[in-house]
Amino acid sequence: MTSNLVLAQLGCGYWGPNLLRNFSALPGCTVKYVVDSSAERRAFVQANFPFSCAIESHKIVLEDPDVNGVIIATPAASHFSLAKQVLDAGKHVFVEKPLATKVAEVDELSRRAARRNLVVMTGHTFVYNSAVRYVKKLIDSGELGDLRYIYSQRLNLGRIRSDIDALWNFAPHDISIIQYWLGDPEPISIGRQGMAYMQEGIDDVVFLSLEYPGKVIANIHVSWLDPQKVRKMIIVGSRKMVVYDDIAEHKIVIYDKGIDRRAILGENMDFDNPRIPQFNYRTGDILIPEVKFAEPLRVEAEHFAGCIRNSHEPVTGLPHARTVVSILERARPLNGQVGRQNSAV
């Protein structure tokens, strides 16, 4: 692989321009083609990215031997089919989240990528966020103590989708963050409760509950019907607690707070008599650390290029993407009823 990478992008709609801007700015990278069926979007590309050729069909991309990798930023339902075609053409692929809509599809992409030794990476952008990585270091260092639970809210008013529900639209972010923090374990159980108000069969609000080994639980609340924009996650440990608020000025706040069970000396020299539990309440310092910001999309784009050049497995590669898709697939509503599944996929 030469140092110069030739890339192509399929789709330049809502999120596509952000990807195109970052990949186009990478040293040693050229986005040769941008494919979009909309004449209006192609005109946008020609006006704003003159070094890229805006075309209507991706066939040219697949047949061009100079193209090393392809970025897919199309609707979720098309991700698997397009990624499969790209891999069969012998090209590396970056796919905006989610990678696919079924675990079986992820496994098929894995087989095709392995046969040709190709890189497959999913755009779970928040894994490349400086604040998210700071929390990961706190967890791994043991500073928070034993992890107890995590809960997140990703809420907004508007941009209602018709192709996927609020869970598939928003929750891949939160699931990928939690999986990254915990080291990609398989959940023991998954529970979902959602409701469709605006369109039949498409949930506008969903509460997702996950249970992990080691008595760690997580709850994810997503909605596009809320009055406020909220992007917040709270991590509760036995020693310290963390609030990660992605839209706040100070994105990370660490609370030296907790509750410990107090050892009680019993009549027969026994400690922690279960009949009379007592607790110590700790309230210590509040720390707002300085977290150096780097645009996550830029970090993500650099990581994809580096993985291609060095034949490395991406942080959000196939194993990570498979677990995220597995959780989403297992959380599908069962005949419109809340589902709880205890078996691993």
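**Group meeting: a walk through the predicted model**

Some ground rules. This is a predicted model, where local features need pLDDT of at least 70 and side-chain atom pairs pLDDT 80 or more, while totals for chains, interfaces and linings use all residues. Numbering runs from 1 along each chain as its sequence is written, and side-chain values use heavy atoms, with hydrogens and water left out.

Back to Asn129. It is in the loop between β6 (120-123) and α6 (130-141). Helices (H or I, at least four residues) and strands (E, at least two) are DSSP runs, numbered from the N terminus. Is Asn129 buried or exposed? Asn129 counts as buried, because its relative accessibility is 5%. The cut-offs: buried is under 20% relative accessible area, exposed is over 50%, partly exposed is in between (1.4 Å probe, protein chains only). Leaving out residues up to four places away in sequence, Asn129 touches Tyr244, Asp246 and Pro296. Contact means heavy atoms within 4.5 Å.

Now the core. The largest nonpolar core holds 68 residues, and Phe23, Trp181 and Leu208 have the most contacts inside it. Helix α7 (residues 166-182) gives the most to this core: ten residues. Such a core is a set of buried Ala, Val, Leu, Ile, Met, Phe, Trp, Tyr and Cys residues joined through side-chain atoms within 4.5 Å. Beyond residues up to four places away in sequence, Phe23 touches Leu7, Cys29, Val31, Ile71, Phe94, Ala301 and Phe304. Another core, of 28 residues, lies apart from it; Val6, Val61, Ala100 and Val325 are among its members.

Next, salt bridges. How many does the structure hold? There are 15. The criterion is a side-chain nitrogen of Lys or Arg within 4 Å of a carboxyl oxygen of Asp or Glu.

Take Glu108 and Arg112. Their closest N and O atoms are 2.7 Å apart. Both residues are buried. They are four residues apart in helix α5, so about one helical turn separates them.

Lys136 and Asp140 also pair up, at 3.5 Å, N to O. Lys136 is buried, at 14% relative accessible area. Asp140 is exposed, at 52%.

Then Arg192 with Asp165, at 3.0 Å, N to O. This pair links distant parts of the chain, 27 residues apart: Arg192 in strand β8, Asp165 in the loop between β7 (147-157) and α7. Both Arg192 and Asp165 are buried. Salt bridges with shared partners also join Asp88, Glu108, Arg111 and Arg112 into one network.

Last, the backbone. Most residues other than glycine have a negative phi, and most peptide bonds are trans. Which bond is cis? The one from Lys97 to Pro98, with omega near -10°. Pro98 is in the loop between β5 (92-96) and α5 (103-116).

Two residues to look at for phi. Asp184 is not a glycine, yet has a positive phi of about 60°. Asp184 lies in the loop between α7 and β8, and is partly exposed at 29% relative accessibility. Ser311, also not a glycine, has a positive phi near 55°. Ser311 is in the loop between α8 (296-310) and α9 (318-330). Ser311 counts as exposed, at 55% relative accessibility.
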